[in-house]
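Visitor: I would like to learn how to read the features of a structure, step by step. Could you take me through one, giving the general idea before each case?

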Amino acid sequence: MRYFLFIPVLLATLLPAESSADAQLEFFEKKIRPVLAEKCYSCHAADAKKLKGGLQLDHREHMLAGGDTGPALEPGDVEKSLLIESIRYGNDDLQMPPKEKLSAEIVADFETWIAGGAVWPEEPVPERDGENSGESFDLQKRFQEHWSWRPVANPDLPAVKKTDWPKVGPDYFVLAKMEAAGLRPAPEAEKGVWLRRVHFDLVGLPPTPEQREAFLADESPNAKEKVVDGLLASPHFGEKWARHWMDLVRYADTYGHEFDYPINGSHEYRDYLIRALNEDVPYDLFVKEHVAGDLLPEPRRHPTEKFNESILGTGFWYFHEATHAPTDVLGNEADIMDNQIDVFGKSFLGLTVSCARCHDHKFDAISTADYYAMTAYLHGSARQDFPMDVGRVREKTRNQLAEIKEKADALISPDKTNVEKAPQAKEGETIFETFSGEQIPEGWSTTGYAFAAAGSHQGVRFDEKNPWARPGTVDSGLFGKKQVGILRSPTFTIGTDHIHILAKGNAVDVRVVIDNYQMAKFSALLFKGTILKNLDTKGGFRWNTLAGNLKKYQGHKAYLEFVDNGDGEIVIDEIRFSTVAAPAISEEEKMLPSGPLPENVAAFVKKGEQLSGKLPAPRFAVAMAQGTPENAHVYVRGSHRSLGEEVPPRFLEALGGETGDRLDLANEVTRPDNPLTSRVLANRIWHHLFGAGIVPTVDDFGPMGRPATHPELLDWLATDLVSNGWSIKRSIRQLVLSSTYGQASEPHPELPFERLAEVDPSNELLSRMPVKRLTGEAVRDSILAVSGKLDSRLYGASVPVHRTAFMTGRGGKKSGPLDGAGRRSIYGAVYRNFLSPFMMTFDVPGPFGPKGRRNVSNVPAQALVLMNDPFVVEQTRSWAGALVAREESNEKRIDGLFLKALGRTPTVAERGRVESYLAQESESDPVDTWANLAHVVINMKEFIFIP
Amino acid sequence: MTNHCNRFQNGLHSRRDLLKGCAMGFGGVALQALMAQQSRAAVTNPLSPKPPHFAPRAKNVIFLYMDGGPSHVDTFDYKPLLEKYHGRDPREVIGELAPTQFDNVGKVLKSHWDFKQRGESGNWVSDLFPNIAKKEVIDEIAFVKSMTSKFSEHTFANYFLHTGSPFQGRPSMGAWTGYGLGSENENLPGFVVLNGGLIPPGGLDCFGSGFLPASYQGSVFLPSEQPIANIHPQEKTVEAQKRKLGLLRDLDLESLDTPMPDPQIEAAIQNYETAFRMQTAVPDLMDLRGESETVKKLYGLDADFKNTQTFGLQCLLARRLVQRGVRFIELTCPGGNGDRWDQHGKLVDGHTKNCKTVDQPIAALISDLRRLGMLDSTLIVWAGEFGRTPFAQGNDGRDHNPFGFTVWMAGGGVKGGACVGETDDWGYRAVRDRYEIHDLHATMLHLLGVEHTKSTFRFSGRDMRLTDVHGHIMKEIVA
């Protein structure tokens with residue numbers, strides 16, 4: 001405001017009274033153009049090396065056309081000109097020039113210039129020569145040029161010379177390439193080596209000496225098949241392979257950031273993965289469950305516990321990190337969606353879709369509109385804590401209760417029917433919902449079986465103390481207090497600073513979810529008044545108000561959520577958006593209808609209450625729910641403050657661009673003619689078995705990824721996968737029984753090293769099996785397995801991480817046992833801010849983004865862990881205790897150590913060396929000595945490097 | 001990709017025999033030397049020294065991380081206007097305010113402390129830092145009074161300060177430094193965090209290696225007898241461990257008895273040699289018996305205030321780590337001073353304690369490095385994740401302010417006594433020579449001889465940089 005006061009003065013002093021055109025031009029040339037040239041043109045002119053914000057300031061026409069945030073200039077209107085807003089430095093998101101605020105005098109000059117109509121001399125409009133960032137974005141051209149968009153071929157098996165070598169299709173492709181390069185396959189691995197390899201690859205555990213003995217003794221031609229089928233049928237298969245998906249979906253048990261709040265029910269998703277892989281759920285269904293498991297018309301159910309399995313897959317969307325109290329909630333939502341789309345794009349499609357958040361993809365056929373079309377699905381979805389219906393008890397009970405209620409209601413005479421008075425909105429109020437219909441209102445949605453409409457006629461509710469339902473309400477206690485459920489409103493734009501809810505209830509949460517922000521339940525900072533936790537209306541109806549910080553969020557999208565977790569109930573009568581205090585309420589309005597129940601009705605109520613009282617405590621999983629369908633806006637250059645074109649929810653243009661709901665999206669992703677989904681999966685399986693993918697960049701099939709080493713093999717595998725019902729187990733089975741997989745890890749003795757070094761130094765052609773280092777999980781699980789302390793139970797809540805003195809920081813959880821309760825590593829909690837040091841040392845990835853290919857580092861810290869970690873030492877002692885307790889010769893004990901840990905007996909030289917060690921230590925306590933020896937064997941490189 | 005070529009041409013049988021033949025007890029010098037020479041050709045140690053892009057001005061960095069956000073208007077950024085308008089509504093006198101973290105805007109709040117110009121440079125320092133204010137210290141320091149961040153929430157701002165990105169899972173600047181330059185001591189990690197007690201909001205991921213290999217990750221050392229996990233042998237005697245490791249080495253060498261042993265396995269064998277030496281190198285680092293009483297006193301190890309002792313020990317250890325060639329050392333704050341530097345309330349008490357904690361040790365570190373001739377090659381960086389508001393939060397605190405705050409550097413390549421940038425008359429927003437965190441990173445790397453646009457790592461389909469697509473050298477403070 002204060003600048004305004006100066007304007008007439010300045011005009012009067014600097015410009016002639018009549019303000020001639022000449023004087024104005026002179027003013028421009030003297031005061032404005034030099035500043036523009038000096039301070040702005042390095043980024044905002046035709047010859048700028050890189051044009052920023054899409055804005056040129058080197059001509060009035062360009063200023064009027066504006067950049068990403070709109071026109072820079074409003075001639076004559078100083079306050080409406082963005083140029084002025086930015087040079088005043090009052091808006092923290094728009095401050096120009098970026099490095100330094102212009103002086104007050106210069107700012108005043110610009111105000112003068114604009115106030116005077118922003119005159120500019122007649123001159124040509126400078127234009128940039130094309131886009132100087134290089135070629136412009138041409139989606140079709142890129143689509144046609146890059147291999148991974150092309151349809152999957154169905155290639156014939158290539159001809160090979162050594163025709164007795166291939167056992168399965170893939171062997172032909174591998175051998176053909178080897179032969180073309182003048183290489184030959186390695187000899188077949190020794191049986192013991194193969195057995196150890198396949199055990200680790202399929203179940204992540206070493207074979208026991210008994211399993212080894214049985215296999216070595218089995219001379220039958222299908223001995224390997226028997227082993228593989230046994231391993232694929234083992235429940236431990238899922239424990240090994242689920243972890244690969246957990247790496248992709250950045251699985252975690254906490255949200256990270258300042259206080260590392262818990263992701264409750266996270267482990268249900270992990271257990272879902274284990275079961276799905278063990279059951280060999282077809283991969284297309286598996287993907288559909290992830291993308292839209294909540295929308296499948298016939299969800300897959302747990303074979304014995306009968307709950308909805310499919311919906312658990314959607315949990316993957318929500319393993320993102322999350323902070324409390326973001327000062328910019330919409331920006332926070334945009335960042336979370338970026339992470340969700342990154343995970344979705346890379347995991348299922350091998351595409352870096354989120355690279356198109358700020359600009360069209362620099363290299364791939366993915367536009368910014370594609371990216372924001374994906375966000376539309378997320379804008380139209382809601383996170384929920386989904387109550388699992390174990391045994392379908394809730395569903396059955398609810399059906400029975402509905403029947404009972406129908407009978408009871410039929411006995412109530414129609415004269416009991418109340419005619420509800422239409423509510424009167426006061427000034428400043430809008431009625432959002434009155435719940436007067438017979439059903440949950442249109443646009444509202446529910447989860448679980450708690451929330452139901454009372455309808456317009458007088459009926460009962462299954463609560464002997466309050467047996468009369470109130471017509472014109474939605475009531476989560478209608479079918480009994482122990483019902484569990486969620487009620488969600490349609491999405492609306494917050495337009496008032498109060499939301500008044502006429503309701504009666506206790507022990508339920510009521511909240512307004514703003515821009516999908518979920519963390520207010522942990523900390524209300526910046527969101528005070530947007531959540532009523534454990535609402536308690538003290539027995540009667542009253543107006544409950546969401547307010548407080550709500551006023552800050554006017555203009556933001558939101559929905560209301562009522563959560564009844566089974567401990568309470570809520571009867572909701574009416575909701576108003578308001579700018580004023582809550583209306584008054586009469587005494588009569590405060591209570592549910594009263595009066596004695598007819599005797600025959602009372603019996604039904606009693607029966608209903610008893611039945612619903614038997615409902616078990618619920619189990620919750622993280623899941624997605626359908627919200628109000630929405631279009632999304634492109635955020636220009638990634639800025640949510642700068643809205644571009646509107647886009648509907650639709651799939652990537654390069655893959656058809658089909659619009660629809662999330663279920664349609666899921667169907668598009670898994671269409672057999674989608675060239676990416678099957679290739680990406682086939683490649684992942686290959687990667688896990690052969691140590692490197694056919695496309696080595698397993699999460700990036702785009703132009704910045706690496707090309708396939710065996711493109712025809714990749715297509716053959718993808719075709720094979722789809723035509724065999726997307727069976728993961730079948731694909732794995734075929735590969736581990738192949739001749740390629742069966743090779744030794746040493747090259748053929750007659751193959752000259754020089755030749756190998758020259759043509760294939762990194763073994764891309766697989767003329768031998770690579771030596772693979774065990775994953776962190778397999779290192780720890782193997783130690784437990786050999787020490788005899790492995791607890792092989794499946795599933796359940798995560799075992800807290802054992803915290804050392806070095807694991808400090810905010811949000812610390814209770815420390816878990818040193819040995820992780822002996823459970824397999826997959827059950828160890830993943831606390832983002834307190835990750836297991838053991839796992840991190842062995843490259844288990846942090847849960848931040850999709851990671852289909854782990855690092856394999858080789859560092860002294862790994863030696864320190866295996867040498868000195870108290871967990872390792874404790875395990876060797878307990879192993880030694882058992883060993884010494886058995887009356888055995890030293891020779892047998894040494895054999896036992898080697899067999900368990902390394903899957904072989906010692907060589908003569910090794911035995912000699914071990915015996916001399918034993919002689920050296922003959923004075924020591926035998927348990928110490930054998931623990932030391934066990935410790936040495938665990939530290940042998942062979943324990944973690946698998947040939 | 002590992003280059004195997006060298007190995008294929010070696011007589012591998014004889015090599016293994018050679019390894020065996022010269023083994024003279026675990027940690028044997030001959031074996032170690034041989035492994036070092038020959039294995040490195042086959043398997044590159046990620047931490048082995050790498051040449052910089054151009055002649056470096058500094059070889060090591062000590063990052064003094066002022067967790068929580070120190071108040072610049074109470075320490076180095078003198079704003080007389082705050083006195084004049086003390087108690088006024090900031091919306092009236094300053095104008096429109098950006099949303100704050102706690103949304104509890106109080107009145108304009110003058111500094112509780114007096115400011116004076118110090119040293120020959122005449123840079124302003126408040127009475128909170130009597131030791132840093134001394135001529136011989138202050139004139140080594142170059143101030144950037146126009147630093148800005150993009151985030152007013154701790155974890156975003158912490159990740160941003162440490163990694164150049166507001167998200168978890170990105171490499172910390174210490175990791176980038178190790179990636180760019182390697183380390184000069186293979187018995188210690190290249191990036192050490194000396195934990196004074198407070199791990200910053202955002203947790204250990206502030207020191208992570210993100211998508212870079214794990215060997216670049218920060219190792220958190222506690223200033224205690226066992227500074228890192230698993231550094232103490234679990235055997236009853238050193239000899240017992242040596243006998244075990246001797247047996248282990250012999251058994252492992254047996255497994256190399258094949259025509260083409262795997263290079264990973266050889267490297268892993270070598271790691272045991274290194275790990276064994278780390279077991280000595282780390283306790284040696286912590287053993288202060290060789291330091292004079294004068295030096296210990298200088299750092300404040302005998303101070304009355306316990307946190308001064310703690311931070312003094314951290315600073316002394318930082319110097320010892322630099323002497324051992326560790327590339328990047330970060331110090332976190334000791335606890336118990338209120339809530340870190342994060343004084344949303346009780347500003348006077350909290351800032352008094354925080355300054356008392358770091359003032360003497362930091363001054364000592366600068367003097368001591370100069371005395372030892374190491375200051376010219378050691379870059380010291382002092383920074384919080386943001387500054388604080390010139391107006392109160394409630395009555396006696398200040399809220400987060402990322403729009404303009406002060407950081408400083410000293411030592412290798414830094415123009416001592418310089419001062420660049422300005423905030424507005426309130427200390428609220430940077431208005432002249434505005435810099436951002438990316439510029440701090442670019443300048444640090446520049447002083448280390450690393451061109452920030454060229455130190456890249458391919459991840460997620462992009463060539464990632466510490467400075468993302470940003471970063472300018474802060475030329476005004478480079479000597």
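**Reading the model from contacts to interfaces**

Guide: Two residues are in contact if their C-beta atoms, placed from the backbone, lie within 7 Å; among contacts in chain A between residues at least 6 apart in sequence, 72% join residues at least 24 apart. This is a predicted model, in which local features need pLDDT of at least 70 and side-chain atom pairs count only at pLDDT 80 or more, while totals for chains, interfaces and linings use all residues. Residues are numbered from 1 along each chain as its sequence is written, and chains are lettered from A and ligands numbered from 1 in the order in which they are written.

Visitor: How many helices and strands does chain A have?

Guide: Helices (H or I, at least four residues) and strands (E, at least two) are DSSP runs, numbered from the N terminus. By that count chain A has 31 helices and 17 strands, and its C-alpha atoms fill a box of roughly 105 × 95 × 60 Å along the principal axes.

Visitor: What share of the residues in chain A is buried?

Guide: A residue is buried if 20 or more other C-beta atoms lie within 10 Å of its own, exposed if 12 or fewer, and partly exposed in between, with the C-beta atoms placed from the backbone. Of the 947 residues in chain A, 51% are buried.

Visitor: Why does Leu902(A) count as buried?

Guide: Leu902(A) is buried because 21 other C-beta atoms lie within 10 Å. This residue belongs to helix α28 (residues 890–902) of chain A, and, leaving aside residues up to four places away in sequence, Leu902(A) touches Val937(A), Met940(A), Glu942(A) and Phe943(A). Leu902(A) and Val937(A) are 35 residues apart in sequence, while their C-alpha atoms are 8.1 Å apart in space.

Visitor: What span should helix α21 of chain A have, given its number of residues?

Guide: The expected span of a helix is 1.5 Å times one less than its number of residues. Helix α21 (residues 711–723) of chain A has 13 residues and should therefore span 18 Å, which agrees with the 18 Å between its end C-alpha atoms. Among the buried residues of α21(A) are Leu713(A), Trp716(A) and Leu721(A), and the buried residues of this helix pack against α7 (169–180), α20 (677–690) and α22 (728–736) of chain A. After α21(A) comes Gly725(A), whose phi is positive, near 70 degrees.

Visitor: How many residues of chain B are in contact with chain A?

Guide: The size of an interface is often given as the accessible area lost when the parts come together. Here the description is by residues: 71 residues of chain B are in contact with 76 residues of chain A. The largest share of the chain B side, 10 residues, comes from α10(B). For the classes, Ala, Val, Leu, Ile, Met, Phe, Trp, Tyr, Cys and Pro count as nonpolar, Asp, Glu, Lys and Arg as charged, and the others, Gly among them, as polar; the side of chain B that touches chain A has 33 nonpolar, 23 polar and 15 charged residues.

Visitor: What covers the buried residues of α9(B)?

Guide: The cover includes α29 (908–920), α30 (926–939) and α31 (941–944) of chain A, together with α10 of chain B. Leu245(B), Leu248(B) and Asp252(B) are among the buried residues of α9(B).
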